[in-house]
Amino acid sequence: MTSFHDQVIQILPKLRVQALSLTRNRSAAEDLVQDAVCNALAAQDSFIPGTNFSAWMHRILRNRFISDLRKRRETTDIEDVPASSFASNATHEDSLALKDLSLALSRLPADQREALVMVVVQGMSYEALAEATGCAVGTAKSRVFRARRQLEAWMTGDLPANDKLRIKVAALRSTLDDRRRKGLKSDDLFSF
Amino acid sequence: MTGGEDGVPEKPRQTMSPGEAENPFDIWLKRGLHQLFDDVANEPIPEELLRLIEDDRSEQK
């Protein structure tokens, strides 16, 4: 049987993805994973062997995130995902699409973003998501559905004309195109 | 279908009915999310974090 500590090590990559989906910031995500691991180690006696370790661990990380958020009352708007995640061989248009997606993701409520990422990226079932996030299966499904629907609306342009995100994306594109025409780099535009 | 040659998503072009199994937007979204999150999962675990876990393992013995 896999030991408690081995299970912690094995689940770290998934915790990182969950943490990044919640914080939207790599540095904050690393801190969150470390804090969650500390909490889990401190509470390891409360874990019942043979029960769902993954759900237990994801809940600890989630609770830690919520607890930190309450303490700091801070909404991080730093978007450092694109800079290090974009494939180096991506074309200009492809990078823009990913940046648009990243920007749209950052506008989703944290619980919807987390649900979407855990299902789509981690391949988690709705049942497992519900257990990992401490909600009903119907709620888990609803979060993923609403996240998909909202992103689709944003990314395909099915939005009111005065929508702030679309205006921001359109402004960014316009600035990028302008800079490209002038032969200027545009990387700094996405370091906000 | 909607993915680029290098696995990089292109912009979604259209929407389909919500129940469509092969919804082009869902395919595009999945590719995009993997592009944004996969390398985070694949990065090496920081030594400090591994040491923290191993130290606790030793203490528990």
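In the UniProt record, an unreviewed entry places the feature "domain: Anti-sigma factor NepR" at residues 31-54 of chain B; positions from UniProt are given in the numbering used here, feature names are shortened, and annotations may be inferred rather than shown by experiment. The structure is a predicted model, in which local features need pLDDT of at least 70 and side-chain atom pairs count only at pLDDT 80 or more, whereas totals for chains, interfaces and linings use all residues. Residues are numbered from 1 along each chain as its sequence is written, and chains are lettered from A and ligands numbered from 1 in the order in which they are written.

The span 31-54 of chain B is 83% helix and 0% strand, and its end C-alpha atoms lie 35 Å apart; helices (H or I, at least four residues) and strands (E, at least two) are DSSP runs, numbered from the N terminus. Chain B as a whole has 2 helices and 0 strands, and 23% of its 61 residues count as buried, a residue being buried if 20 or more other C-beta atoms lie within 10 Å of its own, exposed if 12 or fewer, and partly exposed in between, with C-beta atoms placed from the backbone.

Chain A comprises 9 helices and 0 strands, and its pattern along the sequence reads α-α-α-α-α-α-α-α-α. Of the 192 residues in chain A, 33% are buried. Among the contacts in chain A between residues at least 6 apart in sequence, 63% join residues at least 24 apart, where two residues are in contact if their C-beta atoms, placed from the backbone, lie within 7 Å.

Chain A is divided into domain 1 (4-72) and domain 2 (87-186), with bounds that come from an automatic or database domain assignment. Contact between the two domains involves 12 residues of domain 1 and 13 residues of domain 2 of chain A. On the side of domain 1 that touches domain 2, the elements that give two or more residues are α1 (4-23) and α3 (53-72) of chain A. By class, the residues on this side of domain 1 comprise 3 nonpolar, 5 polar and 4 charged; Ala, Val, Leu, Ile, Met, Phe, Trp, Tyr, Cys and Pro count as nonpolar, Asp, Glu, Lys and Arg as charged, and the others, Gly among them, as polar.

Helix α6 (residues 110-120) of chain A is mostly covered, with 9 of its 11 residues buried; among them are A:Leu116, A:Val117, A:Met118, A:Val119 and A:Val120.

The axes of α6(A) and helix α8 (residues 137-155) of chain A come within 8 Å and cross at roughly 95°, axes being lines fitted to C-alpha atoms, for helices over the stretch in contact, with angles that run from 0 to 180 degrees between N-to-C directions. The contact is formed by A:Asp111, A:Gln112, A:Arg113, A:Ala115, A:Leu116 and A:Val119 of α6(A) together with A:Ala140, A:Arg143, A:Val144, A:Arg146, A:Ala147 and A:Arg148 of α8(A). By class, 6 nonpolar, 1 polar and 5 charged residues make up the contact of α6(A) with α8(A).

Within helix α8 of chain A lies A:Val144, which is buried because 21 other C-beta atoms are within 10 Å. Leaving aside neighbours within four places in sequence, A:Val144 is in contact with A:Ala115, A:Leu116 and A:Val119. The C-alpha atoms of A:Val144 and A:Arg113, 31 residues apart along the chain, are separated by 7.9 Å.

In the loop between α6 and α7 of chain A, A:Gln122 is buried, with 20 other C-beta atoms within 10 Å. Not counting residues up to four places away in sequence, A:Gln122 touches A:Lys14 and A:Val17. The C-alpha atoms of A:Gln122 and A:Pro13, 109 residues apart along the chain, are separated by 10.0 Å.
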